[in-house]
Number of protein chains: 2
Amino acid sequence: MGSDFQIQMNEFLPLRDVVFNTLRQAILTGELKPGERLMEIHLANKLGVSRTPIREAIRKLELEGLVTMIPRRGAEVAQITEKSMSDVLEVRRAVDALCVELACERISEEELEALKTACDNFEDAVNSGDVKKIAQADVALHDIIVRATGNQRLVQLVNTLSEQMYRYRFEYIKDVSQHRSLVEEHRVIYESILKKDKATASDAAKLHIDNQEKTIIKQIRLEREKR
Amino acid sequence: MGSDFQIQMNEFLPLRDVVFNTLRQAILTGELKPGERLMEIHLANKLGVSRTPIREAIRKLELEGLVTMIPRRGAEVAQITEKSMSDVLEVRRAVDALCVELACERISEEELEALKTACDNFEDAVNSGDVKKIAQADVALHDIIVRATGNQRLVQLVNTLSEQMYRYRFEYIKDVSQHRSLVEEHRVIYESILKKDKATASDAAKLHIDNQEKTIIKQIRLEREKR
DNA sequence: AGTACAATCTTTGTATACAAAAAACAAAAA
DNA sequence: TTTTTGTTTTTTGTATACAAAGATTGTACT
């Protein structure tokens, strides 16, 4: 056993991008833990490539905030603190509100249809109780909204911010007591986008983030206690 | 003559970071023009380093959206289109609104004092008519607000977004007819932060961006006509 | 036993080497 | 003249080499 993230060679990408994706995935899933050092030769051997693509991947992870550089010491996986997470969530609250507002203006008929389906799928997933399935349905739903804004920069920004929360995505889903309100919140968002009611949509989106924040911060405090 | 961005060796940073800063500056000031190819050996010779730090710098510029990678062809300076710019401005409108709202909640007495001074300085700069001085005073003022949010992630985001607008920062200042309203807008923002009046502050910030947007989009259309 | 110091081993930062893909160019055929 | 094809050149993608900074370990000395 032991942590065994492997490179998937099926891609036809430069190695640096393959490495970048592999390392990012490993960090997001927690396979590489915060504070863990990213040693180039070690990673190069593990992934069967030279140091060059490893380094270039690390440069990108650095800019993305997923790793921290320590001068003359190299890279390590960035620490997640309560402060850094609430900073992220604070930004996301505003950005998600913007997303639904723009969606009100610009969503197409097809996208509205897809959003309705995504809402139903989410409800089904919740009823099934399968955490993984719920998380997936949740992502799909939000993805439709973000893309409906037609703003590429916004799509990218939401992705980057989501990334930081990725490790905690199951926590707020595991809490079964919240399930009904999650379904309800999604419903409200869908309905208000349908009615082009920006104010309600925006409030619902913010509430949605607030609820996630509570769970995530609780989780971080729990993790800290353990140490 | 010819474009001569030189590396500044005074720094005590890894070469990749020096190169990164140098290239970014060159792109932002327009010394490297959109569409221009970034050839590694060429840049390496010009800056007197090897290809390695150049490549690592390019990886970061790539993630920042300042350069575009073309497979097996290398990097080129990202094109600025009307769409990409209005995408940026759309996000900035929301983000700047968030900044002033958070500033209302969290600004310290010292920062409020500094903000007042920055407002006065801006007015002085406008009266002097010196475009460079005005731009500087403008940046200083907004910097105080953003930092007053105490949100590191937000500071970084605003910087990245500002970067995209950097090339046009003079345009909306050159338009003398707007000067009085710029001073007035800053005044309103200051007053409303002082009174913790989020709604007014937020509206003023949005208006501020709207005005910039008009000028910038006009400028982009002008540039396109020329071609 | 504990501390200081030297030798060694790691690991990064930077440069260079080499192969393969793409572009540019030239020559030959239609 | 135009098109096609083969060759050369350029440029990227990846690997490796080497030096310098840091960490570690072991040993001598107090």
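Me: What makes chain A and chain B partners in contact, and how many residues take part?
Reply: In this predicted model, 29 residues of chain A are in contact with 29 residues of chain B. Contact calls for heavy atoms within 4.5 Å, so each of those residues has a heavy atom within that cut-off of the other chain.

Me: How much area do chain A and chain B bury between them, and what makes it "buried"?
Reply: The two chains bury about 2600 Å² between them, and 55% of this is on carbon and sulfur atoms. The word "buried" is used because this is accessible area lost when the two parts are put together, summed over both. On the chain A side, L63(A), E90(A) and R153(A) supply 26% of the area that chain A buries against chain B, which is more than any other three residues.

Me: Why is the pair E90(B) and R106(A) called a salt bridge?
Reply: The closest N and O atoms of E90(B) and R106(A) are 2.4 Å apart. A salt bridge needs a side-chain nitrogen of Lys or Arg within 4 Å of a carboxyl oxygen of Asp or Glu, so this Arg and Glu pair qualifies. Across the interface of chain A and chain B, the rule finds 8 salt bridges. The count of residue pairs in polar contact between the two chains is 16.

Me: Which elements of chain A make up the side that touches chain B?
Reply: Helix 1 (15-28), helix 3 (51-64), helix 4 (82-106) and helix 7 (152-165) of chain A each give two or more residues to it. Helix 4 of chain A gives the most, with 9 residues. By class, that side of chain A has 11 nonpolar, 6 polar and 12 charged residues.

Me: Let us turn to the DNA. Which residues come nearest to DNA strand D?
Reply: Of the 19 residues around DNA strand D, the nearest are L15(A), S50(A), T52(A), R51(B) and R55(B). Sugar and phosphate account for 66% of the atoms of DNA strand D that come within 4 Å of the protein.

Me: How do you know that S50(A) makes a polar contact with DNA strand D?
Reply: A polar backbone atom of S50(A) is 2.6 Å from a phosphate oxygen of DNA strand D. The limit for such a pair of N or O atoms is 3.5 Å, so the pair passes. R51(A) reaches a base instead: a polar atom of its side chain lies 3.5 Å from a base nitrogen of DNA strand D.

Me: Which element gives the most to the surface near DNA strand D?
Reply: Helix 3 of chain A does, with 3 residues. By class, this surface has 7 nonpolar, 3 polar and 9 charged residues.

Me: What surrounds DNA strand C?
Reply: There are 20 residues around DNA strand C, and the closest are R51(A), R55(A), L15(B), S50(B) and T52(B). Of the atoms of DNA strand C within 4 Å of the protein, 66% belong to sugar or phosphate, and the rest to bases.

Me: What makes R55(A) a polar contact of DNA strand C?
Reply: An N or O atom in the side chain of R55(A) is 2.8 Å from a phosphate oxygen of DNA strand C. With the cut-off at 3.5 Å, this pair therefore counts. The side chain of R16(B) has an N or O atom 3.4 Å from a phosphate oxygen of DNA strand C.

Me: Which helix has the largest share of the surface near DNA strand C?
Reply: That share, 3 residues, comes from helix 3 of chain B. The surface as a whole has 7 nonpolar, 3 polar and 10 charged residues.

Me: How do you know that strand 2 and strand 3 of chain B pair?
Reply: They are joined by 4 bridges and run antiparallel. Pairing takes at least two bridges, so strand 2 and strand 3 of chain B meet the rule. Among the partners, M69(B) is bridged to A75(B) and I70(B) to G74(B). The two strands form a hairpin with 3 residues between them, and R72(B) in the turn has a positive phi of about 60°.

Me: Why are strand 1 and strand 2 of chain B edge strands?
Reply: The sheet in chain B is open, with 3 strands in the order 1-3-2 and antiparallel pairing. Strand 1 and strand 2 (67-70) each have a single partner strand, so one side of each is left without a neighbour in the sheet. Strand 1 of chain B pairs with strand 3 of chain B over 2 bridges, and R37(B) has E76(B) as its bridge partner.

Notes
Residues are numbered from 1 along each chain as its sequence is written. Chains are lettered from A and ligands numbered from 1 in the order in which they are written. This is a predicted model: local features need pLDDT of at least 70, side-chain atom pairs count only at pLDDT 80 or more; totals for chains, interfaces and linings use all residues. Side-chain values use heavy atoms; hydrogens and water are left out. Buried area is the accessible area (1.4 Å probe) that two parts lose on being put together, summed over both. A polar contact is a pair of N or O atoms within 3.5 Å; within protein, one must be able to donate a hydrogen and the other to accept it, and residues adjacent in sequence count only if both atoms are side-chain atoms. Ala, Val, Leu, Ile, Met, Phe, Trp, Tyr, Cys and Pro count as nonpolar, Asp, Glu, Lys and Arg as charged, and the others, Gly among them, as polar. A residue is near a molecule or strand if one of its heavy atoms lies within 4 Å of it.
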